[in-house]
Each structure stands twice: as C-alpha cells, then as structure tokens.
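Please read the following account with the sequence and the model side by side.

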Protein chains: 2
Amino acid sequence: MTVHGIFSPTLTPLLPDLRVDIDRLIVHCRWLLANGCHGLALFGTTSEANSFSVAERMDVLDGLVDAGIDPTLFVPGTGMCAIPDAVALTSHAVRLGASGVLMLPPFYYKGVSEDGLFAAYSEVIQRVGDSRLRIYLYHIPPISQVGIPLQLIERLLKAYPDTVAGIKDSSGDWATHEAILDAFPGFGTLTGSEKFLLENLKRGGVGTITAVANVIPDRLRAFYDGWQSMDDADAGAAQDKLNDTRKAMQGYPPVPALKEMMASMRNDPAWRTVRPPLTVLAEGQRVSLMAGMDLGTIG
Amino acid sequence: MTVHGIFSPTLTPLLPDLRVDIDRLIVHCRWLLANGCHGLALFGTTSEANSFSVAERMDVLDGLVDAGIDPTLFVPGTGMCAIPDAVALTSHAVRLGASGVLMLPPFYYKGVSEDGLFAAYSEVIQRVGDSRLRIYLYHIPPISQVGIPLQLIERLLKAYPDTVAGIKDSSGDWATHEAILDAFPGFGTLTGSEKFLLENLKRGGVGTITAVANVIPDRLRAFYDGWQSMDDADAGAAQDKLNDTRKAMQGYPPVPALKEMMASMRNDPAWRTVRPPLTVLAEGQRVSLMAGMDLGTIG
C-alpha cells in the first residue's frame with residue numbers, strides 16, 4: 001500500500017522574525033485538504049525544509065496535530081545530511097502517525113557511491129526501527145545534486161520491501177521518470193512535476209507531489225479524479241491546461257513566487273516572507289508574475 | 001586580528017556504532033597541536049561535519065574543553081542550511097572561547113542570490129549578537145555548490161568589519177585565491193589546499209586549513225616557519241615536496257583515504273570508520289594508497 005493522489009509540498013508561512021507562522025500554516029493546510037489535496041508533503045523543497053532545524057520541524061508537526069489535522073495525511077520530508085537528525089525527525093513523524101516520509105539522501109558530499117547512499121538509508125531505517133515506517137525516496141538532483149539511481153532503488157526494495165514504499169521523482173526528466181515506472185511496477189512513484197501527471201497515472205504511477213498544489217489543488221484534484229473518464233484528446237488538453245501555472249512561473253524563483261501567489265490570493269502580504277538564503281520577489285517581479293497568473297482568491 | 005598558520009580540519013574518529021569517538025579525537029587533537037598545528041578547524045568538510053547533528057558537535061567541543069584542550073585554538077565549522085542551527089552552534093563555540101568559526105553558506109538551495117547569502121550571514125551574526133564572534137567564510141564550491149563571490153565578501157566586510165575576519169578558500173583555483181588576496185589586503189585569507197601555501201603567504205595570506213594537516217602537521221609547520229628564510233628556489237622546492245601527500249591521495253575519496261592513513265600511522269584499524277554516505281576504502285585501495293605514501297608512525 002502506498003499513498004495515492006495529489007500532495008502539496010506545503011509552503012511554510014513565516015512571522016516577521018522568520019519563525020514559522022503556525023497559525024497561517026494551519027489555515028493553509030486546512031484549505032489544501034478542503035480543496036483537493038490527498039495529503040501534505042510538509043517540509044519538501046518548496047516548504048524551505050532545510051532552512052528549519054529539526055526541533056522547528058517537530059514543533060510544526062505537533063502544532064498541526066494539536067490543531068486537529070489528521071496526521072495520517074502527512075508525508076513530511078525527513079531526509080538530512082546527518083543521520084541522527086534524519087532518525088529523530090523520521091521517528092517523530094512515524095510516532096505521530098504519518099503515512100509516509102519523503103527522504104532526501106544526505107546531500108552535502110557530492111559524487112558519493114551507491115554503497116554509501118544505501119548505507120545511509122539503511123542506518124536511518126534500522127535506527128528508526130518501526131514497522132510502520134514508509135519511505136518515499138526523494139530524487140531531486142537539480143537541487144540536492146545527489147540523486148537516487150535505479151540500482152539504489154532496487155537494492156533498497158530488496159533489503160526493505162515493506163519500508164521503501166515509493167519515490168518522488170523531481171528530476172524534471174521524462175526519460176528518468178519512465179525508467180522508474182518501467183523498472184518498478186507497483187512502486188509508489190510520484191512525479192515531482194504535474195507536467196508528467198497524466199503519463200505518470202497512465203503508466204501506473206500514484207500521483208504527484210508538486211509545488212503548484214499549493215495554489216491550484218482543486219484543478220489538480222479534478223484532473224486526478226477525471227482523467228480516466230476522458231478520451232485521449234481531452235485528457236491531453238486537460239494536462240496542457242494544468243501546465244499553465246508552472247509556465248507562468250518560469251523565470252521566477254519558485255518558492256518566493258509561490259509565496260507571492262499566496263499573498264495575492266489571500267490579500268495577505270505577510271505570506272511573502274521567506275528565510276534566507278531565499279529572498280522575496282522585487283516589486284517589478286511581483287507585478288509581472290501576477291499579471292501572467294490566473295488564480296482565484298481565498299476567503 | 002585574524003588567526004594565522006596551519007590549521008587541521010580535524011578528522012573525526014568514530015566508534016563502531018558511528019558515534020564520535022571522543023577519546024581518540026582528544027588524542028588526535030593533542031597530537032596535532034604538539035606536532036605543528038596552530039589550531040583545530042574542527043567540523044570542516046574533512047571532519048564529516050555535516051554528518052553530525054548540532055548536539056553532537058556541541059558535545060564534541062565540550063568534550064575537548066573538558067579534556068583540557070585550549071578552546072582559543074578552535075576554529076570550528078558552524079555553517080549549516082538552517083539559520084537556527086548555525087546560530088546555536090556558533091553561539092556555543094563563541095561562549096567556549098573559540099578564536100573564530102568557519103562558516104559555510106546555507107547549501108541546500110542552489111543558484112541563490114548574493115542578497116540571499118548576505119541576508120543569511122547577517123541573520124546569523126545578528127542573532128549570535130556577540131562582539132567576540134570572528135567569522136571565516138567557507139568557500140568550497142566543488143562540494144557546497146554555493147560559493148562566496150568577491151562582492152559578497154565586500155558587502156559583509158563593510159557591514160560587519162569587526163566580525164568577518166577571513167575566508168577559507170577551497171575553490172582549488174589559483175585565480176580565485178589571487179583575486180581574494182588582491183581585493184582584500186589584511187583580510188584573513190586561508191588557502192584550503194597547501195598547494196597554494198607559499199603563494200598565499202608571499203602575498204599576505206595567513207596560512208592554510210588543509211586536510212593533509214591531519215597527517216603531516218609537522219611538515220606543514222616547518223614550511224610555514226621556514227619559507228621566509230629560504231631563497232626562492234629552495235622555497236619552491238619545499239612547496240613541491242609539501243604537495244606529495246595530496247598527489248599520492250589523488251583518485252581516492254579524501255576522507256576515507258585520510259582515515260586510512262591515520263589507521264596506518266597509528267596501527268589502529270578503528271580509525272577507518274566513516275559515517276554514511278561516505279564509505280571505507282576497499283582492501284585493494286588501502287594497499288595501493290599506502291604503497292604510495294611516505295608517512296611516519298605515531299606512538
């Protein structure tokens with residue numbers, strides 16, 4: 001059993017002093033779930049995950065649970081450079097009841113061996129030592145610079161068949177995504193970009209964890225629920241339409257752009273704040289970004 | 001005032017369960033200081049810094065102080081992806097009395113702006129809020145993939161002239177190193193490779209933080225103390241000789257290779273252990289590496 005559907009790598013709103021704005025995050029999570037998301041991939045790249053300490057991330061998970069949000073809907077990012085950090089956050093997520101975790105490989109050293117990555121995942125799995133753990137490997141070489149080769153998936157699946165449940169493939173490359181889908185039927189393969197969603201679903205993939213699910217969860221869900229009842233031409237046209245948001249974001253740094261979109265949709269400039277090293281959009285960028293966008297308003 | 005001399009990005013010995021072997025580390029630090037190192041750049045890239053949690057790194061610093069090692073000799077790495085982590089570890093190092101800290105920029109997001117990096121360093125400096133803080137910027141683009149451009153150094157020096165004390169340049173590129181030395185006379189510019197040590201010192205640089213200081217601290221120190229009394233030909237020949245260790249390591253992963261060298265010098269296989277994602281050398285690599293080495297034994 002793997003997760004299925006539309007998952008939002010949830011944006012993390014911030015207070016002026018850069019702490020997590022848990023109140024706005026609760027509101028955002030509820031809105032995402034009410035508007036189509038099957039679950040919340042908290043602490044993905046879009047969430048500025050690695051800009052938060054382990055304690056901050058644990059506090060956020062606790063805060064969402066305290067607010068009554070169902071922890072089985074969580075698939076939080078828990079992969080870090082240091083094994084003890086990954087173990088601590090993963091254990092916390094599992095204890096809370098998360099359906100899975102999204103796990104980056106250790107990403108400081110570059111050019112590390114497949115043996116080394118296998119050993120890193122093995123250490124985390126064994127140290128967490130919980131049969132409820134379900135790991136979604138996080139393949140995002142454009143940012144992490146450390147990827148998950150097919151052979152590593154194969155080894156991990158062989159060693160931990162009940163634990164290694166799937167992968168988020170953010171390679172941005174169809175050939176890579178296709179190779180994963182072909183090599184591992186039944187594996188929980190999620191595309192990191194909605195642009196491959198139709199092909200992902202047609203070939204037995206389980207859905208997407210995509211940045212734009214923060215702003216168009218309803219459209220993504222409608223597509224996910226509807227594509228099988230469309231003919232090929234209509235499904236293709238619907239997929240094309242789904243790509244408009246990402247196209248309109250092209251050339252803008254994605255996290256600041258998505259936060260600007262939230263600020264606009266909610267008429268709430270507080271949403272713009274990002275943690276360094278990210279920076280907010282300049283005024284001119286804000287105007288041009290939003291001029292190209294077709295988004296609704298919230299509230 | 002900046003640090004001067006030969007600094008070891010201290011290897012971190014590990015117990016079989018991958019915890020830090022503080023007893024072996026204390027012995028190693030004492031040996032480094034007794035054999036030529038001016039100080040200890042604990043938690044550099046060679047130290048597997050990013051493979052340890054903040055708490056583990058604090059415990060190590062405390063353990064060394066408890067063992068009677070002078071904390072003014074520490075220049076520990078404290079830069080991390082998350083500002084609160086960098087603040088916590090930097091504050092801890094300053095409180096202990098470290099002469100400086102070596103600070104990576106946040107390294108998860110790639111292609112970030114100079115404004116974003118300036119903001120990241122500013123946040124750490126302001127949040128630490130301690131006039132004793134001395135930062136050595138850590139420029140290691142081959143690994144971090146996020147570098148420190150000249151303009152960033154200039155802005156940081158202007159904004160925090162008493163705090164931003166120097167840089168460790170591990171670009172591996174002489175043109176880059178020369179540009180830093182030329183642009184910022186009086187800045188504490190350290191080369192990340194001993195291969196540029198003579199030129200660094202000739203042009204007003206302050207020394208080196210180099211991986212091979214873990215195994216040849218005495219040779220590096222002799223060169224540092226002696227180059228000014230040599231004629232150009234002799235100094236050049238001494239520099240060439242100094243490069244032999246690195247040349248013999250070429251083609252081997254540096255941290256496992258250095259740990260193998262320590263294991264050999266101390267006749268102590270426990271020294272080989274590394275944390276994933278790094279892996280120990282294979283038997284054949286061990287043999288060929290050590291066959292090309294000219295190192296003494298310890299103890």
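The contact between the two chains draws 41 residues from chain A and 41 residues from chain B, where contact means heavy atoms within 4.5 Å. This is a predicted model, in which local features need pLDDT of at least 70 and side-chain atom pairs count only at pLDDT 80 or more, while totals for chains, interfaces and linings use all residues. Residues are numbered from 1 along each chain as its sequence is written, chains are lettered from A and ligands numbered from 1 in the order in which they are written, and side-chain values use heavy atoms, with hydrogens and water left out.

The size of an interface is often given as the accessible area lost when the parts come together. Between chain A and chain B the buried area (the accessible area, with a 1.4 Å probe, that two parts lose on being put together, summed over both) is about 3,100 Å², and carbon and sulfur atoms give 66% of that area. Of the area that chain A buries against chain B, 26% is supplied by A:Tyr108, A:Tyr109 and A:Pro277, more than by any other three residues.

What kinds of polar pairing does the rule find across the interface of chain A and chain B? There are 12 residue pairs in polar contact, both residues being at pLDDT 80 or more; a polar contact is a pair of N or O atoms within 3.5 Å, and within protein one must be able to donate a hydrogen and the other to accept it, with residues adjacent in sequence counting only if both atoms are side-chain atoms. On the side of chain A that touches chain B, helix 3 (83-96), helix 4 and helix 5 (141-144) of chain A each supply at least two residues, and helix 4 of chain A gives the most, with seven residues. Helices (H or I, at least four residues) and strands (E, at least two) are DSSP runs, numbered from the N terminus.

Within chain A, helix 6 (residues 150-159) has A:Leu152, A:Ile153 and A:Leu156 buried. They lie on the same side of helix 6 of chain A because they cover an arc of only 100 degrees around the axis, the arc being that of the directions from the helix axis to the C-beta atoms. On the other side of helix 6 of chain A, A:Glu154 and A:Lys158 are exposed; here buried means under 20% relative accessible area, exposed over 50%, and partly exposed in between (1.4 Å probe, protein chains only). The buried residues of helix 6 of chain A pack against helix 4 (114-128), strand 4 (135-139), strand 5 (164-169) and helix 7 (174-183) of chain A.

The structure holds 40 salt bridges over all chains. One of them joins A:Lys202 to A:Glu199, the closest N and O atoms being 3.8 Å apart; these residues are three apart in helix 8 (residues 197-202) of chain A and so are separated by about one helical turn. A:Glu178, A:Asp182, A:Glu199, A:Lys202 and A:Arg203 are linked in a network of salt bridges.

In chain B, the side chains of B:Glu260 and B:Arg286 meet in a salt bridge (3.7 Å, N to O). Because B:Glu260 lies in helix 12 (residues 254-265) and B:Arg286 in helix 13 (residues 283-291) of chain B, the pair ties together parts that are 26 residues apart in sequence. Both B:Glu260 and B:Arg286 are buried.

Helix 7 (residues 174-183) of chain B holds the buried residues B:His177, B:Ile180 and B:Leu181. Seen down the axis, the buried residues of helix 7 of chain B fall within an arc of 95 degrees, so they line one face of the helix. They pack against helix 6 (150-159), strand 5 (164-169), strand 6 (188-191) and helix 8 (197-202) of chain B.

Conventions. Salt bridge = Lys/Arg side-chain N within 4 Å of Asp/Glu carboxyl O.
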